[in-house]
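Subject: Structure handover

Hello,

Here is the structure I promised to pass on. My notes follow below it.

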Amino acid sequence: MIPIHCPHPFFPEDQTTPIPGYPLSKLAHEVGSTPFYLYSRAQLSDRVRRLRQFLPKAVALHFAVKANPMPALVQHLAAEVDGFDVASGGELRVALDTPMTREHISFAGPGKTRDELLMALAAGIILNVESEWELQQIHQLGQQYGYRPRVSLRVNPDFEIRGSGMRMGGGAKPFGIDSEKIPTIVRALDASTLTFCGFHIFSGSQSLNAEALIEAQKKSLELALWLAHQCQCTIPFLNLGGGFGIPYFPGEQPLDSQRVCEALAHALPAFQAAQPQTRLNIELGRHLVGEAGYYVCRVLDRKISRGQTFLITDGGLHHHLSASGNFGQVIRKNYPVRLISQIATKETETVTIVGPLCTPLDILADKMTLPRAQVGDLVVVLQSGAYGKTASPSAFLGHPPAQELLI
Ligand SMILES: Cc1ncc(COP(=O)(O)O)c(C=O)c1O
């Protein structure tokens with residue numbers, strides 16, 4: 001195969017598989033049908049191991065299940081990470097099916113339903129409270145059913161991660177409680193009926209800028225200290241959020257996570273001097289799982305329309321909305337894509353790879369140079385381990401769902 005793309009940490013350009021010993025064509029037979037998502041246990045574990053090399057020992061590593069709630073994958077990560085953060089009752093069920101200690105599971109997200117709150121109370125996990133109304137509901141349900149809620153307040157800080165892909169803090173937001181309102185709320189908490197667990201500060205997502213992440217972590221530690229001072233409280237747990245990104249598009253460089261972790265180690269002593277008992281954690285989604293996942297579909301047809309070559313595949317935006325450019329992108333850019341040819345060829349061509357949906361939005365790669373493709377070849381979209389299957393409108397047009405395989 002001819003080198004065309006930037007190097008991938010786990011999928012060398014000249015290989016036919018990201019998992020040594022398991023050619024993708026064989027895996028496609030094993031799965032039974034295309035399209036499918038493939039996730040690598042070795043690559044998931046490798047990512048956690050590398051992070052832990054530099055992450056301060058005092059900072060626990062949590063997985064944000066929303067990035068990939070496949071039950072087998074979450075089971076695998078239960079043995080690798082220190083905790084889970086879930087965003088719905090469905091994700092909570094997946095997390096509770098693992099051996100993860102309940103004390104290390106937290107539930108964040110606006111609009112939690114009464115049933116979800118009750119599930120969380122019964123399970124004894126931490127609820128990251130998103131509003132004053134939610135806090136009232138939690139308190140009331142705890143009283144009614146005899147549960148002692150464990151609550152942490154999600155803080156909407158007055159800053160965000162500079163230039164992050166998704167801004168979750170700063171300004172007016174539906175997420176968390178504005179930082180300036182927190183002291184009054186904490187002072188009014190009734191310690192005889194609930195357990196105050198601390199704060200959750202999540203200020204952004206998908207950042208590749210180490211400096212911006214270092215700045216956000218420093219501000220989060222300062223904010224937590226300011227809150228503790230204002231509330232006259234100690235902080236049992238402090239969730240510093242995450243925001244660690246992965247490179248998706250040409251020209252993007254991987255995040256220097258070592259630098260971010262080392263800066264955190266440097267900033268910690270000042271915080272720990274004031275709050276020595278606090279248990280800290282970060283919560284990462286895509287950075288843990290994104291590069292360990294591959295979306296594989298098959299070329300069904302190739303056609304030329306007015307000089308442009310189209311490869312029509314059995315996969316598309318109904319399985320992988322992110323790669324189609326319709327999930328969070330303003331200007332569409334191509335995810336990295338590989339072609340696994342049935343017949344080795346040195347010939348290349350520029351193609352647009354589309355799915356089977358009758359919409360011009362259903363594009364997996366636009367005008368990309370790849371080895372010349374035949375019907376039956378496999379198309380692999382890299383960086384597909386996060387916000388893939390579950391972030392896509394799978395019912396749209398009634399095509400079969402993508403399978404998932406963890407190997
Ligand atoms: C509260 C919270 N935690 C974690 C994440 C995971 O973000 P990422 O997958 O970019 O790490 C998000 C993303 O929106 C979030 O809102």
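Is Tyr-294 buried or exposed? Tyr-294 is buried, because its relative accessible area is 0%. Keep in mind that this is a predicted model.

Aromatic pairs

Nine aromatic pairs occur in the structure. One of them joins Phe-11 and Tyr-294. Their geometry is edge-to-face. The centres lie 5.8 Å apart, with 80° between the planes. Phe-11 belongs to the segment before α1 (24-31), and Tyr-294 to strand β13 (residues 293-305), so the pair ties together parts 283 residues apart in sequence. Phe-11 counts as buried, because its relative accessibility is 0%.

Tyr-37, Tyr-39 and Tyr-295 are linked in it by ring pairs.

Charges over rings

Arg-338 places its charged end over the ring of Phe-11, 4.8 Å from the ring centre. Lys-112 does likewise with Phe-107: its charged end sits over that ring, 5.4 Å from the centre.

Strands β4 and β5

Strand β4 (residues 105-107) and β5 run parallel and are joined by two bridges. In β5 (residues 126-129), Ile-126 and Asn-128 point one way. Leu-127 and Val-129 point the other way. All of these β5 residues are buried, on either side.

Nonpolar cores

The largest nonpolar core has 103 residues. Phe-63, Phe-84, Phe-199 and Leu-238 touch the most other members. Helix α8 (residues 210-231) is the top contributor, giving eleven residues to this core. Where does the core lie relative to domain 1 and domain 2? Domain 1 (24-39 + 291-406) and domain 2 (108-284) both give residues to it, so the core lies between them.

Leaving out residues up to four places away in sequence, its contacts include Phe-84, Leu-73, Val-74, Leu-77 and Val-81. Further along the chain, they include Leu-284, Gly-285, Leu-288 and Val-289. Asn-68 and Asp-85 are also among the residues that Phe-63 touches.

A second core is separate and has 15 residues. Among them are Val-296, Ile-340, Leu-378 and Val-380.

Best wishes

Notes: Residues are numbered from 1 along each chain as its sequence is written. This is a predicted model: local features need pLDDT of at least 70, side-chain atom pairs count only at pLDDT 80 or more; totals for chains, interfaces and linings use all residues. Side-chain values use heavy atoms; hydrogens and water are left out. A nonpolar core is a set of buried Ala, Val, Leu, Ile, Met, Phe, Trp, Tyr and Cys residues joined through side-chain atoms within 4.5 Å. Buried means under 20% relative accessible area, exposed over 50%, partly exposed in between (1.4 Å probe, protein chains only). Helices (H or I, at least four residues) and strands (E, at least two) are DSSP runs, numbered from the N terminus. Domain bounds come from an automatic or database domain assignment. Contact means heavy atoms within 4.5 Å. Rings of Phe, Tyr and Trp (its six-membered ring) pair if their centres lie within 6.5 Å; planes under 30 degrees apart count as stacked, over 60 as edge-to-face and the rest as tilted. A charge sits over a ring if NZ of Lys or CZ of Arg is within 6 Å of the ring centre and within 35 degrees of the ring normal. Two strands pair if DSSP finds at least two bridges between them.
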